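Dear colleague,

I am handing over the structure we spoke about, and below it you will find my notes on what turned up when I went through it. Please read them with the coordinates open beside you.

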Amino acid sequence: MPDEAKQCVTGNTDKRYQAGVIEYTKMGYWEPDYQPKDTDLICLFRITPQPGVPPEEAAAAVAGESSTATWTVVWTDRLTACETYRAKAYRVDPVPNTGPGTNTEQQYFAYITYELDLFEPGSIANLTASIIGNVFGFKAVKALRLEDMRIPVAYVKTFDGPPTGIVVERERLDKFGRPLLGATTKPKLGLSGRNYGRVVYEGLKGGLDFMKDDENINSQPFMHWRDRFLYCMEAVNRASAATGEVKGHYLNVTAATMEDIYQRAEFAKELGSVVVMIDLVIGYTAIQSMSKWARRNDVILHLHRAGHGTYTRHKNHGVSFRVISKWMRLAGVDHIHAGTIVGKLEGDPNTVQGIYNVLREPKNEVDLQRGIFFEQDWASLRKVMPVASGGIHAGQMHQLIHYLGEDVVLQFGGGTIGHPAGIQAGATANRVALEAMIQARNEGVDLWNEGPAVLEKAAKWCEPLRQALKLWKDITFNYESTDTPDFVPTETASA
Amino acid sequence: MRITQGQFSFLPDLTDDQIRAQIEYALGNGWALSVEFTDDPHPRNTYWEMWGLPMFDLKDAGGILYEINGCRKAYPKHYIRVTAFDSTRGWETPRMSYIVNRPPEEPGFGLVRQEAEGRKIRYTVHSYATDRPVGERY
């Protein structure tokens with residue numbers, strides 16, 4: 001630490017508060033000796049500094065701009081307990097595989113702590129206005145990404161969390177010991193209410209637990225929202241009577257105003273829907289409002305992550321989806337789309353598993369390989385059910401269960417509706433594949449290696465599964481992921 | 001019709017060996033098994049009758065299968081399910097549930113619609129089995 005910087009934090013205030021512009025490290029935003037308190041919120045940023053900016057200065061600048069600083073010294077700091085309110089960068093590490101000799105500019109992981117009193121209790125809007133409010137456009141850093149966040153238990157406890165959670169959702173649906181199955185109604189746009197409900201009925205009767213509106217189906221000229229809700233609930237109830245199971249359809253209540261959202265949600269509730277759906281683009285405040293509504297009304301709250309790819313996908317700039325997942329567990333949603341690994345959308349296996357762990361575990365341990373940089377105690381906040389959706393089919397069932405476990409909703413949209421023998425057959429193929437795979441797993445079968453044989457065996461007596469395997473057997477989406485972990489496990493000598 | 005509640009209703013009915021394998025999986029996880037039966041499998045009929053208490057202290061799959069077969073013998077035409085309870089903190093809920101017996105003819109359910117205002121419909125799933133008194137349903 002430069003001597004000048006040390007002087008300012010140790011109280012040499014004469015120089016520190018002279019009018020003018022000084023480095024952030026000298027303003028008290030860089031404190032390498034700082035020991036984070038249990039009540040501090042800690043962020044890990046990936047920083048690409050501008051050429052010539054030392055990493056400590058870049059980290060201090062991020063700490064400053066995401067807490068109390070402005071670009072110049074202000075005497076009014078001295079009216080406050082400013083050393084408490086300053087965020088403090090306390091550690092900077094070079095990111096593995098960046099810098100000279102690699103294809104990537106030198107990047108740094110900067111650890112920054114924030115005093116608990118900087119944040120309003122129970123407000124994702126306030127938390128994010130600080131942490132990602134201004135700083136991402138800041139000139140001194142070329143690119144910036146929020147990789148992970150340690151939320152102190154003291155702050156976790158100011159949130160209600162998921163209104164239903166995995167345990168209560170399963171009890172309410174009477175479905176245990178296997179992933180839930182869903183499908184998104186296709187085509188996502190253009191169907192009339194009557195035709196739309198047909199797809200819902202066929203999918204549910206064929207064996208799915210849930211059908212789903214897509215993110216952009218709200219209330220358009222071809223289908224008014226009330227029509228959609230009425231026909232979908234006819235389909236849900238008919239399918240329930242036909243199978244003896246509780247069924248649901250995620251009625252998307254996303255709308256232009258909060259008043260409209262509430263109106264649609266109330267209607268869904270009056271019709272007896274067990275679940276409603278919102279899109280991430282409605283914003284954090286609206287999400288928290290709907291979480292409270294869902295809690296008041298015993299309705300499961302499904303969140304589609306519409307829009308996240310604009311800021312989560314690329315590693316050098318934005319916010320990682322594991323951080324968004326942490327915020328959504330606090331904000332309180334019951335379902336969240338969190339990646340498939342094997343499907344058509346972005347998803348490195350380790351990164352996706354890290355996100356699933358954030359959503360489902362009571363406590364996360366440090367797991368660098370999966371992108372988890374901090375221990376995180378969720379303090380009994382309910383578990384969020386992750387949803388795997390996008391380009392998956394029955395032939396991948398063993399891989400899906402291997403990677404994602406059983407507390408997940410597997411959503412086969414095209415993989416149900418595109419079945420050559422119809423939607424019911426598509427749904428049945430998926431359900432048979434799922435049950436056969438869970439049975440085999442429980443019997444001790446090695447799914448990774450023996451999974452295809454399990455599917456083939458079930459396909460011998462289940463024609464829809466046979467047809468599905470034949471049609472989609474070679475469909476994979478093997479593109480390189482962009483959001484990958486920076487750490488790989490290293491061999492440790494075992495002597 | 002075939003009621004498809006539980007983990008394995010889309011598969012052919014489980015054999016005793018297959019039921020036993022699932023019991024062993026539950027026991028391996030430290031879960032307690034329970035046998036329940038009903039003559040009204042309405043999707044929201046949560047509380048089926050218990051064939052004794054959950055077998056917290058019975059760790060022998062053969063012994064549990066013996067209890068299942070005892071229930072089947074007493075109620076050959078009822079629905080019977082096996083449930084595995086997990087008492088671990090953070091779960092404290094069933095982790096498995098699967099049907100091991102069902103009547104030869106499953107009457108299923110009707111859907112009763114009550115038309116209400118604004119095109120709303122109030123739905124009731126009606127269990128045909130309950131049209132007859134308890135004891136005469138199957």
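**The sheet in chain B**

B:Ser34 has B:Thr83, in β3(B), as its bridge partner. Please keep in mind throughout that this is a predicted model. The strands concerned are β1 (residues 32-38) and β3 (residues 79-86) of chain B, which run antiparallel to each other and are joined over seven bridges. They belong to an open sheet of four strands in chain B, with antiparallel pairing and the order β2-β1-β3-β4, in which β2 (49-50) and β4 (93-101) of chain B are the edge strands, each pairing on one side only. Helix α1 (residues 16-28) of chain B packs on this sheet, where it touches β1, β3 and β4 of chain B, and its direction makes about 170° with that of β4(B).

**The nonpolar cores**

The largest nonpolar core has 149 residues, and those that touch the most other members are A:Ala59, A:Val62, A:Ala89, A:Ala110, A:Ile112, A:Ala433 and A:Leu465. Leaving aside residues up to four places away in sequence, A:Ala110 touches A:Phe45, A:Ile47, A:Ala59, A:Val62, A:Ala89 and A:Val92. Another core, of 20 residues, lies apart from the largest one and includes B:Leu14, B:Ile19, B:Ala84 and B:Tyr98.

**Where the chains meet**

Between the two chains, 31 residues of chain A are in contact with 29 residues of chain B. On the chain A side, α7 (165-173), α9 (225-243) and α17 (423-442) each supply at least two residues, and the largest share, eight residues, comes from α9(A). By class, this side of chain A has eleven nonpolar, nine polar and eleven charged residues.

With best wishes

Technical notes: Residues are numbered from 1 along each chain as its sequence is written. Chains are lettered from A and ligands numbered from 1 in the order in which they are written. This is a predicted model: local features need pLDDT of at least 70, side-chain atom pairs count only at pLDDT 80 or more; totals for chains, interfaces and linings use all residues. Two residues are in contact if their C-beta atoms, placed from the backbone, lie within 7 Å. Ala, Val, Leu, Ile, Met, Phe, Trp, Tyr, Cys and Pro count as nonpolar, Asp, Glu, Lys and Arg as charged, and the others, Gly among them, as polar. Two strands pair if DSSP finds at least two bridges between them. Axes are lines fitted to C-alpha atoms, for helices over the stretch in contact, and angles run from 0 to 180 degrees between N-to-C directions. A nonpolar core is a set of buried Ala, Val, Leu, Ile, Met, Phe, Trp, Tyr and Cys residues joined through C-beta atoms within 7 Å. A residue is buried if 20 or more other C-beta atoms lie within 10 Å of its own, exposed if 12 or fewer, and partly exposed in between; C-beta atoms are placed from the backbone.
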